[in-house]
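Hi,

Here is the structure I promised to pass on.

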Amino acid sequence: MSKAAFIGLGAMGSRMAANLLKAGHEITVSDLAPEAVKRLADSGAKTAASAREAAEGNDFVLTMVRDDDISRKVWLDPNTGALAGMKPGAIAIECSTITPAWARELGDAIGKTGIKMLEAPVSGSTPQAQDAQLVFMVGGDADTLKLAVPLLKSMGSAVQHAGPAGAGALAKLVTNTLMGSQLATLAEMIGMLRKQGVDPKEVLNAVAATSLWNPHLTSDTESMLSGNFESRFPVKLLLKDLNYTVKTAGGDLSVPTVSAVRDVFQRALDEQLGDMNMTAVVKLFDKKPEFSAGSIP
């Protein structure tokens, strides 16, 4: 089994690190939240006060953080960054959702030290992270990936090589953009069905029998109709990813549909829904009808 550092113990990272421990890997963890570190320490992980300290002596260093800015600090801070503590021959694995531009820049910066890097963002939310069923979309050198596959498969059900550095980030942005577009459309359709005075569940059950339906639509519909918005992937993080897609594409004019979807989630953030699960976007459209089914013309 491998020796690895895991930096970033939020909702996803804590579950991923726990699965590495369950698989028998020797893990050192680091995070700014002491309670997150303690939970992993209680399960057998070593702890470190900084990313640099966590990286020291480990074969792999993985990070799972919020955005480009935090990723830059965690990896490249000259005093506390992980890169400063990595040994020759170790492999850096960035699992965060970042922009392709930063993925390439980070890869270049790490590569100059002789250390190899993979970007390995994931498809899946907290249930998949909990059950080691994430899908890794990897950008980087194929031979380096072969060395990391056993470690990644301790946390996921599939490892897909998307291409060179930046390709993993692109795959993740495409995935989350399709998800956001689907969510916004579903929310609008539920609002439309409510206004028509029909039971959205019955109509959507009929739609679910078609080839257009998928398992995510089933779970998202259940969340939207039940009003259960316990956060698995909050509105504010999906909005961040949609902004990354618009930026990567070259601006609003290049992706007008995505920009419109982004604006829907921005409105959700403005209406104080940012910390709720992404399905809470339905609250923008799911208003009680002003008439009964019998009053439909």
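By accessible area I mean what the Shrake-Rupley method gives with a 1.4 Å probe. On that basis the protein chain has a surface of about 14100 Å², and carbon and sulfur atoms make up 54% of that surface. Keep in mind that this is a predicted model.

Now the overall build. The protein chain holds 12 helices and nine strands. Its C-alpha trace spans about 75 × 45 × 35 Å along the principal axes. The radius of gyration is 21 Å, which agrees with the value near 19 Å that a compact globule of 297 residues would have. As for the inside, 50% of the 297 residues count as buried.

On contacts: if you take those in the protein chain with a separation of 6 or more, 64% are between residues 24 or more positions apart.

Charges next. There are 29 positive and 32 negative side chains in the protein chain, and the centres of these two sets lie 2 Å apart.

I also looked at one residue in more detail, T126. You'll find T126 in helix α6, which covers residues 126–130. Is T126 buried or exposed? Its relative accessibility is 10%, and buried means under 20%, so T126 counts as buried. And which residues is T126 in contact with, once its neighbours within four places in sequence are left aside? They are A11, M12, R15 and R232.

That's what I have for now.

Cheers

Definitions and conventions:
Residues are numbered from 1 along each chain as its sequence is written. This is a predicted model: local features need pLDDT of at least 70, side-chain atom pairs count only at pLDDT 80 or more; totals for chains, interfaces and linings use all residues. Side-chain values use heavy atoms; hydrogens and water are left out. Helices (H or I, at least four residues) and strands (E, at least two) are DSSP runs, numbered from the N terminus. The radius of gyration is taken over C-alpha atoms; the globule rule is 2.2 Å times the number of residues to the power 0.38. Buried means under 20% relative accessible area, exposed over 50%, partly exposed in between (1.4 Å probe, protein chains only). Contact means heavy atoms within 4.5 Å. Lys and Arg count as positive and Asp and Glu as negative; His and the chain ends are not counted. The place of a charge is taken as NZ of Lys, CZ of Arg, CG of Asp or CD of Glu.
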